[in-house]
Amino acid sequence: MHEHSAHAEHVYTSAQRDSAAASSPVVASWRRCMTMHQLAPEDQRAPLRLTDQEFRRAREQSEQLIASATEELDRLFTTVGRAGCCLLLTDKNGIALERRGAAGDDKEFRELGLWTGSVWTEASIGTNGIGTALADERAVAIFRDQHFFCSNTSLSCTTAPIRDHRGRVAAALDISTCRDDVNEMTLAILTQTVRDAAMRIELNLFRSAFAGARFLMVPAGANSAAALLAVDRHDLVLGATRAARIALQLDDKRIAAGIPAADALHEAGVCQQDEIVEAEKAALLRALSRAGGNVSQAAIALGISRATLHRKMKKLDLHRSG
C-alpha cells in the first residue's frame, strides 16, 4: 500500500512542478488526467466497459479496420505472444475491438481490463499507452510507474496510432506486458515492432479505400514505405497516406482539385522532372511493344483512353502507327 501512496505522491508533485521534466509527454498526460478528467492517482480502478450491444455496434462501425488488421495481429502475436505480451486493437475512441493473448496470461490481463469491450482512453483509465497515443496522436511507450493510476504500475505498454486513408487517427495498436523483467531496452524493441505493424495496417486500410487504383511509392527518406499515392488511370492523385501528404505538402483540398502525380512529385522536388518523363516514356514503350505497336490495345492495357495515349505520345515524341 505504501508503494501506491508513494506513486500517487510522485504524480501530484511532478504534475505541479514547473521544470523541463514536467513538460514531458507523460507529465503532460498526468496533468490532463487531473485537470480535464478529474482523476486521482491513488484510486484503484479498471477501465470502463461497454455493454454487449455497444460493443457490437463499435465493431460494426470498424468492420474495415478489423478486416485490414486481422492478419497483422495474428502475425504480430506469433512474434510477441509467447513472451507474455497481449495485443489490443482499439478504435479512435479507445474501445478495444480485437485482442490477442496467451491463455496462461488471460487472468492477469482480464483483471487489468486488457480485454475486448474495455475503454482505454485517458478519461477512462488515466495515462496509458492507448489513451495517451490517441490524445497525442503519436506513438508512445508507458513504462510501469509512468501510468497514472497505482493499479496499473505493474504494466508496461507501447502503442502506435493508425491513420485512415485521409491521414486522420482512426485506431491504435498496443502491446502490453506485466512481466517484471521488462526493461526500457525491451520496451524500445517492442515499440519499433508495434510501429511497423501499425504502419502495415495503415497501408492495408489505404489500399482498401482506393481499391482498383494504382499505387506509387513516394521517395520520402525513412518514411518511404509509408508514403503512398493512389492514382487513377489519368495519373491524377486520388489519395495520399499521411507520410505522402507531409512529403508532398498535399491536403484534401489539393487532392480534390485533381493534381497530376507528376506535378505533385515535381513541385516537392522529390524527383527530377526528367526522371518522371523517362519513367513515363519507358512505361508507354513497354505497353506499345507488348501490343505490337497497336495504340488502341496499348491504351486498353494502360487503362487510359486512346486520345490520352496519343496526347502522351506526342508530348514524349513517340511516333508509332496503330
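A salt bridge is a side-chain nitrogen of Lys or Arg within 4 Å of a carboxyl oxygen of Asp or Glu. The model is predicted, and a search of the whole structure finds 16 salt bridges. Those described here include pairs formed by Arg32 and by Arg100.

**Arg32 and Glu122**

- Arg32 forms a salt bridge with Glu122, and their closest N and O atoms are 2.8 Å apart.
- Because Arg32 belongs to helix H2 (residues 25–35) and Glu122 to helix H6 (residues 122–125), this pair ties together parts that are 90 residues apart in sequence.
- Both Arg32 and Glu122 are buried.

**Arg32 and Asp136**

- Arg32 also meets Asp136 in a salt bridge, with an N to O distance of 3.4 Å.
- This pair links distant parts of the chain, with Arg32 in helix H2 and Asp136 in helix H7 (residues 129–136), 104 residues apart.
- Arg32 counts as buried because its relative accessibility is 18%, and buried means under 20%.
- Asp136 has a relative accessible area of 24% and is therefore partly exposed.

**Arg100 and Asp74**

- The side chains of Arg100 and Asp74 form a salt bridge at 2.7 Å, N to O.
- Arg100 lies in strand S2 (residues 96–100) and Asp74 in helix H4 (residues 63–80), so the pair ties together parts 26 residues apart in sequence.
- Arg100 is buried at 14% relative accessibility, whereas Asp74 is partly exposed, with a relative accessible area of 36%.

**Network**

- Arg100 and Asp74 are linked with Arg59 and Glu98 in a network of salt bridges.

Technical notes. Residues are numbered from 1 along each chain as its sequence is written. This is a predicted model: local features need pLDDT of at least 70, side-chain atom pairs count only at pLDDT 80 or more; totals for chains, interfaces and linings use all residues. Side-chain values use heavy atoms; hydrogens and water are left out. Helices (H or I, at least four residues) and strands (E, at least two) are DSSP runs, numbered from the N terminus. Buried means under 20% relative accessible area, exposed over 50%, partly exposed in between (1.4 Å probe, protein chains only).
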